[in-house]
Amino acid sequence: MAIMMFAIFILSIFIPSVNLNQDVMKSLSYKFGTKLFECGERTNYTRAMARDILHIWEESYDLNHDETGCLVLCAMVRLELLDQQGNMIVENTEGFIRANGGDDSMVSFLIQLYSMCRDKTSSISNGCKAAIELSKCFRAAIQQIGWVPDTTSLLVISYD
């Protein structure tokens with residue numbers, strides 16, 4: 001864990017503006033969240049999954065539904081960020097981040113962060129569980145560097 005925190009610190013040194021990055025993360029979250037809900041509509045969508053999506057950035061919210069991980073995988077494939085084998089399509093991911101306002105340093109940071117989290121969860125054989133654990137890792141790092149987007153304006157529907 002200490003190595004991951006050090007790596008996050010080193011990577012974040014090169015990223016200048018927290019507010020700008022929060023705006024980019026909000027845009028990314030909106031686009032990604034839209035795909036999560038689309039994927040949810042095609043499955044046995046539960047209230048727990050909807051809550052996970054709506055509250056994903058809340059530090060106190062416990063992401064513990066493996067089914068939500070399945071939605072994460074679905075959204076990443078539908079956005080063409082992952083291929084069918086679960087490997088990141090780097091060029092598409094770079095384009096997705098840039099299209100939402102990310103600069104080169106943010107693109108590099110987010111891809112490296114994803115790779116770190118993927119390595120950390122690589123021993124989990126269940127793809128949906130691995131995806132939710134990867135999401136928790138990603139969220140913790142984003143929280144650590146202060147990039148959590150203000151998504152309150154995106155919470156149009158509440159399933160609580």
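Over residues 6-16 of this predicted model, pLDDT (the predictor's confidence in each residue, from 0 to 100) stays under 50. For that stretch the model has 17 contacts beyond four places in sequence, a contact being heavy atoms within 4.5 Å. Helices here are DSSP runs (H or I) of at least four residues, numbered from the N terminus. For the chain, the mean pLDDT is 84, and 82% of the residues reach 70 or more.

Residues are numbered from 1 along each chain as its sequence is written, and side-chain values use heavy atoms, with hydrogens and water left out. Because the model is predicted, local features need pLDDT of at least 70 and side-chain atom pairs count only at pLDDT 80 or more, while totals for chains, interfaces and linings use all residues.

The largest nonpolar core has 35 residues, where a nonpolar core is a set of buried Ala, Val, Leu, Ile, Met, Phe, Trp, Tyr and Cys residues joined through side-chain atoms within 4.5 Å. Helices H2 (18-41), H3, H4, H5, H6 (104-120) and H7 (127-144) are the elements that give two or more residues to this core. Its largest share, 8 residues, comes from H6. Met-25, Leu-110, Phe-138, Ile-142 and Trp-147 have the most contacts inside the core. In soluble globular proteins, nonpolar side chains tend to be buried together. Leaving aside neighbours within four places in sequence, Phe-138 is in contact with Met-25, Trp-57, Leu-110, Leu-113, Tyr-114 and Cys-117.

The 17 residues of H6 should span 24 Å at 1.5 Å a residue, and the end C-alpha atoms are 24 Å apart, which agrees; the expected span is 1.5 Å times one less than the number of residues. Helix H3 (residues 47-54) is mostly covered, with 6 of its 8 residues buried: Ala-48, Met-49, Ala-50, Asp-52, Ile-53 and Leu-54.

The structure also holds 1 aromatic pair. The ring centres of Phe-109 and Trp-147 lie 5.0 Å apart with the planes at 65°, so this pair is edge-to-face. By definition, rings of Phe, Tyr and Trp (its six-membered ring) pair if their centres lie within 6.5 Å, and planes under 30 degrees apart count as stacked, over 60 as edge-to-face and the rest as tilted. Distant parts of the chain are linked in this way, with Phe-109 in helix H6 and Trp-147 in the segment after H7, 38 residues apart. Both partners are tucked away: Phe-109 is buried at 1% relative accessible area, and Trp-147 is buried at 2%.

Turning to charged groups, there are 5 salt bridges, each a side-chain nitrogen of Lys or Arg within 4 Å of a carboxyl oxygen of Asp or Glu. Lys-35 and Glu-38 meet in one of them, at 3.2 Å from N to O. Both lie in helix H2, 3 residues apart, about one turn of the helix. Glu-38 is partly exposed, with a relative accessible area of 27%. Together with Arg-78, Lys-35 and Glu-38 are linked in a network of salt bridges. In helix H7, Glu-133 and Lys-129 lie 4 residues apart, again about one turn, and form a salt bridge whose closest N and O atoms are 3.5 Å apart. Glu-133 is partly exposed at 22%, as is Lys-129 at 32%. Arg-98 and Asp-104 form another salt bridge, with 2.6 Å between the closest N and O atoms. Here Arg-98 counts as partly exposed at 40%, whereas Asp-104 is exposed at 53%.

Thr-121, in the loop between H6 and H7, counts as buried at 7% relative accessibility. Leaving aside neighbours within four places in sequence, Thr-121 is in contact with Ala-130, Glu-133 and Leu-134. Glu-80, in the loop between H4 (66-78) and H5 (90-99), has a positive phi of about 60° although it is not a glycine. Most residues other than glycine have a negative phi.

Methods:
Buried < 20%, exposed > 50% of the residue type's maximum accessible area, 1.4 Å probe, protein only.
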